[in-house]
Amino acid sequence: MSLLSTSLLGTQFTNPLLNASGVWCRDKVELDALNASQAGSFVTKSCTLEPRTGNPEPRYFSTPMGSINSMGLPNEGYQYYLDYASQHDYSHKPLFLSLAGLSVADNLKMIEAISKANLPAVVELNLSCPNVPGKPQIAYDFDAMQTMLEAVTQQYDKPFGVKMPPYFDFAHFDAAAKILNSFPQVAFLTCINSIGNALVIDTESESVVIKPKNGFGGIGGDYVLPTALANVNAFYQRCPDKRIIGCGGVKTGEQVFQHILAGATLVQVGTELHEEGPGVFARLLTEVTALLERKGYKSIEEARGKLRTL
Ligand code: RRO
């Protein structure tokens, strides 16, 4: 076993890195670039039943501390990603399919098609899209989350994962973990999606910086690292039978290592991938390798969840 290799759901990964869904994964050209990159796996853009153009532009904006977006689920429709997944060479690299149906019924239709296709692609069900006007985030409504997971687990018989929003209170970590733990089929949790409905203001123009929702959008990057690490660790502690995929604020190998210490098995890169392109993965791998070697680790598994408390 090499220093960076790991496994999830019985599948081997050459390293823990992949993109965050939504970044560099909307069409075949972008997905092929991830496939050709040093990422150990990759995930498709969250998809809906029908293609969507998404929200009006500008809908993504970078700041020195991260990003704000209100893309509004622009995607090619689930069949496009299913076709991509059916042509993918899984012996080269594992692939995740992200689903974000606009209703329970839509998710069930997509799940039915994915079941029939019987591919090695692993489903990441997005319960936390913050940017569809009029559609609250499912995972902030615990009854809706329970209903969605009951429906999906009845229809689908393979293990899958869920993309979670950040929570900010121990009562919410406890309540969400209780629901998730009642579904053994939910094999992994991706923590976190962007911190929803934030507002970035440009002082000179005295204006918001993105058009949809009067400037409100999900933030990522440096703004979210401590919140992401908290959510990874909170669910790592509360869901011992599940794996955690860390997402949020990864810009250097040091932050990959911090996610692993907090309990992550795999680590996703969003804002920094958007800024730097798929070359980011080679840089992060070099940096995290140097850090692990300096600390004397023989494998990343050895570091997982080993966060110390005072
Ligand atoms: O497309 C988006 O606006 C979007 C989605 Br689906 C999501 O899950 N997270 C995000 O920050 N943006």
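A residue is taken to be near a molecule or strand if one of its heavy atoms lies within 4 Å of it. By this criterion, the residues around the ligand are Lys45, Asn69, Met71, Gly72, Leu73, Pro74, Asn126, Cys129, Pro130, Asn131, Asn193 and Ser194. The model is predicted, and for that reason local features need pLDDT of at least 70 and side-chain atom pairs count only at pLDDT 80 or more, while totals for chains, interfaces and linings use all residues. Residues are numbered from 1 along each chain as its sequence is written, and side-chain values use heavy atoms, with hydrogens and water left out.

The shell around the ligand divides into five nonpolar residues, six polar residues and one charged residue. In this division Ala, Val, Leu, Ile, Met, Phe, Trp, Tyr, Cys and Pro count as nonpolar, Asp, Glu, Lys and Arg as charged, and the others, Gly among them, as polar. Polar contacts are pairs of N or O atoms within 3.5 Å; within protein, one atom must be able to donate a hydrogen and the other to accept it, and residues adjacent in sequence count only if both atoms are side-chain atoms. Asn69 places a polar side-chain atom 2.9 Å from an oxygen atom of the ligand. Met71 contributes through its backbone, with an N or O atom 3.1 Å from a ligand oxygen, and a polar backbone atom of Gly72 is 2.8 Å from an oxygen atom of the ligand. Taken alone, the ligand exposes 320 Å², of which the protein buries 92%; these areas come from the Shrake-Rupley method with a 1.4 Å probe, and for residues only the protein chains shown count as cover.

The space taken by the ligand is the largest pocket. Pockets and cavities are found on a 1 Å grid over the protein atoms alone: a cavity is a set of points where a 1.4 Å probe fits but cannot get out, whereas a pocket is an open set with protein on both sides within 12 Å along at least five of seven lines, and lining residues have an atom within 4 Å of a point. A molecule sits in either one if more than half of its atoms lie within 2 Å of its grid points.

Turning to the fold, helices (H or I, at least four residues) and strands (E, at least two) are DSSP runs numbered from the N terminus. Relative accessible area sorts residues into buried (under 20%), exposed (over 50%) and partly exposed (in between), using a 1.4 Å probe and protein chains only. Val123, in strand S8 (residues 122-126), is buried because its relative accessible area is 1%. Its C-alpha lies 14 Å from that of Asp83, 40 residues apart in sequence. Ile114 belongs to helix H3 (residues 104-117) and is likewise buried, since its relative accessible area is 8%.

Tyr60, in strand S5, is partly exposed at a relative accessible area of 21%. Tyr60 and Ile210 are 150 residues apart in sequence, yet their C-alpha atoms are separated by 6.5 Å. Asn181 lies in helix H5 (residues 170-181) and counts as partly exposed because its relative accessibility is 36%. From Asn181 to Pro58, 123 residues apart along the chain, the C-alpha separation is 39 Å.

Some backbone details also deserve a look. The peptide bond from Glu57 to Pro58 is cis, with omega near 0°, and Pro58 lies in the loop between strand S4 (42-43) and strand S5 (60-63). Another cis peptide bond joins Cys191 and Ile192, with omega about 15°; Ile192 is placed in the loop between strand S10 (186-191) and strand S11 (195-199). Asn197 is not a glycine but has a positive phi of about 55°. Asn197 lies in strand S11 and is partly exposed, with a relative accessible area of 37%. Asn214, also a residue other than glycine, has a positive phi near 50°. Asn214 is found in the loop between strand S13 (207-208) and strand S14 (216-221), and is exposed because its relative accessible area is 65%.
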